Amino acid sequence: MQEHEMKTTFSRELLAWYRRGNRDLPWRRSQDPYYIWVSEIMLQQTRVDTVIPYFNRFVERFPTVRDLAEAPEADVLKHWEGLGYYSRARNLQAAAQEVAERYGGKIPDDIEAVRGLKGVGPYTSGAILSIAFGRPEPAVDGNVMRVLSRYFCIDDDIARPATRPKMESLARELIPEGAAGDFNQALMELGAMVCTPRSPQCLICPVTEHCAGRLAGREEELPVKTKAKPPKPQHRLAVLAERADGRVLVRQRPSRGLLARLWELPHVEAPSESIWGSAEQGPRWLAETLALEGVSVSPARHACDAEHVFSHLHWYVRVWGADGAMFDPELAPDVSAALGPAGAAALREAAATYAAAAELAAAAGSAAVRPRAAAEEAGMAAAPARDAAEPVPAHGDAAASGVSAARASTPAGEDALPDGYRWIDGAEFERLAWPNVFRKILADHFAGRG
DNA sequence: AAAACGTGGTT
DNA sequence: TAACCAAGTTT
C-alpha cells in the first residue's frame with residue numbers, strides 16, 4: 001500500500017468511526033470558542049472525568065470571557081481548587097483580560113493571536129482553531145503521538161521535544177478537507193478509548209487493518225518514551241497554631257512558583273530527614289525558622305503526618321500543634337528585611353549545608369539546631385539575587401521587595417501578623433483555595449472540632 | 001534540553 | 001503496590 005493511500009484510508013476510517021458515535025461531553029454541546037478554550041486548558045494533563053464537574057462549575061460562574069476577566073483572582077482559584085497546575089487558572093484569566101481588551105471579548109480566529117495568549121501552546125492553539133473555527137491545524141497531544149507512533153510504526157522518543165514538530169507535520173497531512181475539528185478529536189478519542197497506553201484494544205479498533213505497529217507486532221512496545229525522574233523527597237514541618245477562639249494561623253503562598261497564591265499552614269523545609277523526625281529538633285527548627293518571618297510559635301505536640309506527591313516532589317509533612325502565636329518583630333530582627341528574598345534562597349542553601357554539621361552534633365549529643373546562625377551566615381555571603389522561588393520568608397509583594405511594611409510598622413501582638421498571614425475559622429477555610437495536602441489536614445481539623 | 005508545575009485513576 | 005500516565009506550557 002502506498003504511503004498516501006495509507007494516510008487517506010486512516011483519516012477516512014477514523015473520522016467515520018468518530019462520527020458514528022462519540023462521548024457526550026459538556027464542551028461538545030457548544031460551539032462557543034470560549035467554552036472550547038476553557039475545556040482545553042482544563043484538559044491539559046488532566047483526565048476528562050476529572051474535568052467535567054470543574055468545567056460545569058466554571059462556565060456557570062464565568063459564562064463569558066468578560067465575566068472571567070473581571071472576576072477576583074481568588075474566585076478563579078477557588079473554582080480551580082483541586083484541579084492542579086494552578087498557573088493554568090491564572091494564565092487563563094490573564095488571557096481572558098487580554099481577549100477582553102485587545103479583541104473586544106471575542107477569541108480571535110487567528111493562529112498567531114491565539115498562540116500568543118498566556119497558557120496557550122502548540123496543542124491548545126491547534127485545538128481551539130480546529131474545533132472552534134474549523135481551521136486545518138493539528139492538535140498533537142499525548143494521545144495523538146501514541147496513536148501515530150503505533151499506526152505509522154514510528155520509533156522516535158515521544159518524550160523528546162524534538163519529536164513534537166515531526167508529529168505535527170504528520171498530523172497536519174492527515175486532516176481531511178473541512179473536518180479538522182472532528183478529525184483532531186477523533187484522534188484523541190481513539191487514543192483515550194481504544195489505543196490506550198497499555199493493552200490497546202486492537203480487536204475493536206477502526207483502523208486496525210493497516211496499523212503498521214500492530215502488523216509488526218509492536219503495538220505494546222510503542223510509543224518509545226523515556227521514563228520520567230521520580231519525585232524528589234522533601235521533609236517539611238508545619239505548625240497548626242490554634243487560638244483560644246478556635247481560629248487557626250494560615251498564610252498565602254507567594255505569587256509565583258509551586259501552588260502560587262494558594263493558602264497553606266505555615267511550614268518550613270527541614271534540613272534533613274533526621275531533624276524532621278526528631279521530637280526535639282523538629283519543633284525547634286520549625287519555631288526558629290518561622291521566627292525569621294516574625295512568627296512566634298511554640299510547637300508543642302505532634303498533631304498528624306501527611307504525605308503528598310507532586311510531579312517532581314514528594315512531600316513528607318509533619319504537623320505540630322501549638323497554642324496561639326504572636327507576631328514579634330523583635331524576635332525576627334531585620335534578618336528577613338536585611339536578607340530579602342535573595343537571603344531566603346541563601347538561607348535554604350545554608351540550611352542544607354548546616355544540616356551535615358547538625359547531624360554530627362546531634363550524633364555527638366551536643367549543640368542544638370540553629371537556623372538563625374545559618375541565616376546570618378547566609379546573609380554575610382548572600383549575593384543580591386532577584387527572586388526566591390520558594391518561600392522561606394518571602395511572602396507577598398512587600399516581602400518580595402525585601403522589606404515588609406507591616407513588619408516595620410505593626411506593633412507586636414496576636415492581632416498583628418506578617419504579610420500574607422491570617423487567622424481563620426471553619427467558614428473562612430471553605431472560602432479560600434487550598435492545595436490538596438493542606439485542605440485535607442485542615443478539613444480533618446475543623447471536622448474534628450465539630 | 002530539561003526541569004518545574006498537581007492531582008487522581010489505572011494496572 | 002509502585003509505577004505509570006493524562007486533551008501541555010513555561011522557563
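Reader: How are helices and strands assigned here?
Author: They are DSSP runs, numbered from the N terminus: helices are H or I with at least four residues, strands E with at least two. This is a predicted model, where local features need pLDDT of at least 70, side-chain atom pairs count only at pLDDT 80 or more, and totals for chains, interfaces and linings use all residues. Residues are numbered from 1 along each chain as written, chains are lettered from A and ligands numbered from 1 in written order, and side-chain values use heavy atoms, without hydrogens or water.

Reader: Where does E219 lie?
Author: In the loop between α12 (212-215) and β1 (232-242).

Reader: Buried or exposed?
Author: E219 is buried (under 20% relative accessible area, 1.4 Å probe, protein chains only). It has no salt bridge (a side-chain nitrogen of Lys or Arg within 4 Å of a carboxyl oxygen of Asp or Glu). The nearest side chain of opposite charge, R214, is 6.6 Å away.

Reader: Switching to α10. Which residues are buried there?
Author: T163, M167, L170, A171 and L174. They fall within an arc of 100° seen down the axis, so they line one face of α10. The arc uses directions from the helix axis to the C-beta atoms.

Reader: What covers them?
Author: The cover includes α1 (3-20), α9 (142-151) and α11 (180-193).

Terms used. Buried < 20%, exposed > 50% of the residue type's maximum accessible area, 1.4 Å probe, protein only. Lys, Arg positive; Asp, Glu negative; His and termini not counted. Contact = heavy atoms within 4.5 Å.
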